[in-house]
Amino acid sequence: MPADNPAPATPALVSGARLVAVVCAAQIFVQLGAGFWPALLPQMMENWRLTNSEAGWITAIFFGAYMVSVPVLVTLTDRVDAKRIYLFGVACTVLGHLLFGLTADGFWSAMATRALAGLGWAGTYMTGLKLLADQVTPKLMSRAVTGHAASIGISGAVSYLLGDVLADQFGWRLAFVFSAATAFIAWLMVASVVPSRRARPATSQQTPAKPASGGGLFDFRPVIRNSSSFAYSVVYCVHTLEMSALRGWGVAFLAFVATHTGLKDETLSPALVVTVLALLGTLASIAGNEASIRFGRRRLVATAMILSIGFAAIVGFAGSTSYWLAVGLLIAYGMVVWLDSSSVTAGAAGNAEPARRGATLAVHSTLGYAGGFVGPLIIGWTLDLAGGMSPMAWGLAFASIGVLILLTLVAFLMMRPANLLGDHGR
């Protein structure tokens, strides 16, 4: 006899390879405008007469908006089709870039439109990862995360140079309108190709959906108690803090060094340097994840953090003495910062309870972008407190980031998180 409440048919899914290709391509188009603001920061500070702190706030508000909205948006993917959340996020990204290009004329309008773009990224970044995480095998999870991160990293890197070139040729307003158009292409790709589907149920269809560890949809306590996953999220917090500080202020730091040292040669412009930095950083992230599989995830993450502390201690002080030294140090520093990027996200997602993966990624993102929010502010505040841009001020700004990494390294080692299935020493 047929069941009284037959289960709804599961919609046909695209192949795993095609799904990964479409989501990664969409993330490339969404991210093409990511570096426009930091690439144009020196110009915009001069045009709008912004202080270092104000510039830091405009950079940071993107991460702040992400931080407060991602716990809701990503956690909802445990109950709501992740595609719907993703399309909402991309729509906000389109609107944020478009309004910045058409209406921004100073501190407050820039803050509002950058916040809208941050809300959009909250519904796009980890939601895109969730689209993949729900449909790939656990053994494939680490490399799927790496491919997702690589697509975002490459596009984000190119965005620095692209924003600089577009602003130079057509003006900064049209540059942001262009980034809105590419994000709209991403919306069309996912809307037309990725199938709609129900979120994976936490239990059988005969019982109400409830996470296996107990608690409601927005109860994050089981996520925090899972120390093997949560430890990687704690590291992700300072990882994103450091990355956002470097990406948000890298162009401004190199522009300062060029002026301070009297450099006239523009062969390698600050925007081009940060583009190269981010591209090499993406490769370092891929290599770092493979190293995690081969040598152990805990060991790779701890090594990357130790190297980051060393670079943070010297890049501002030594880099201020020579533009080419600053270029070399900044690129090497960026590669170290990116080294554990995929590893910590894969560590958090791979160690999560399957029924709590959306909530785990929400906590992971919230912690990460809390760090991303603070990072640019620390640089801006330190520069202003030290009397403005100077070799000493830049040295202290980067060194303060290094202190935070050191404290987090101690916490990570004390928590002793697990490696993933397939990692060496599992």
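## Helices 12 and 15

Let's start with a helix pair: helix 12 (residues 270-295) packs against helix 15 (residues 341-350) at an angle of about 50 degrees, with the axes 6 Å apart. The two are therefore oblique to each other, the class left over once angles under 35 degrees count as roughly parallel, over 145 as roughly antiparallel and 65 to 115 as roughly perpendicular. Axes are lines fitted to C-alpha atoms over the stretch in contact, and angles run from 0 to 180 degrees between N-to-C directions. Helices are DSSP runs (H or I, at least four residues) numbered from the N terminus.

Ser285, Gly288, Asn289 and Ser292 of helix 12 meet Ser341, Ser342, Ser343 and Ala346 of helix 15; contact means heavy atoms within 4.5 Å. By class, this contact has 1 nonpolar, 7 polar and no charged residues, with Gly counted as polar.

## About the model

This is a predicted model, with pLDDT of at least 70 needed for local features and 80 or more for side-chain atom pairs, while totals for chains, interfaces and linings use all residues. Numbering runs from 1 along each chain as its sequence is written, and side-chain values use heavy atoms, leaving out hydrogens and water.

## Helices 13 and 17

Helix 13 (residues 297-319) and helix 17 (residues 391-415) pack at about 160 degrees, their axes 6 Å apart. That angle makes helix 13 roughly antiparallel to helix 17. Their contact has 19 nonpolar, 5 polar and 1 charged residues.

## Around Trp249

Trp249 touches Leu41, Met45, Pro376 and Trp394, among others, not counting residues up to four places away in sequence.
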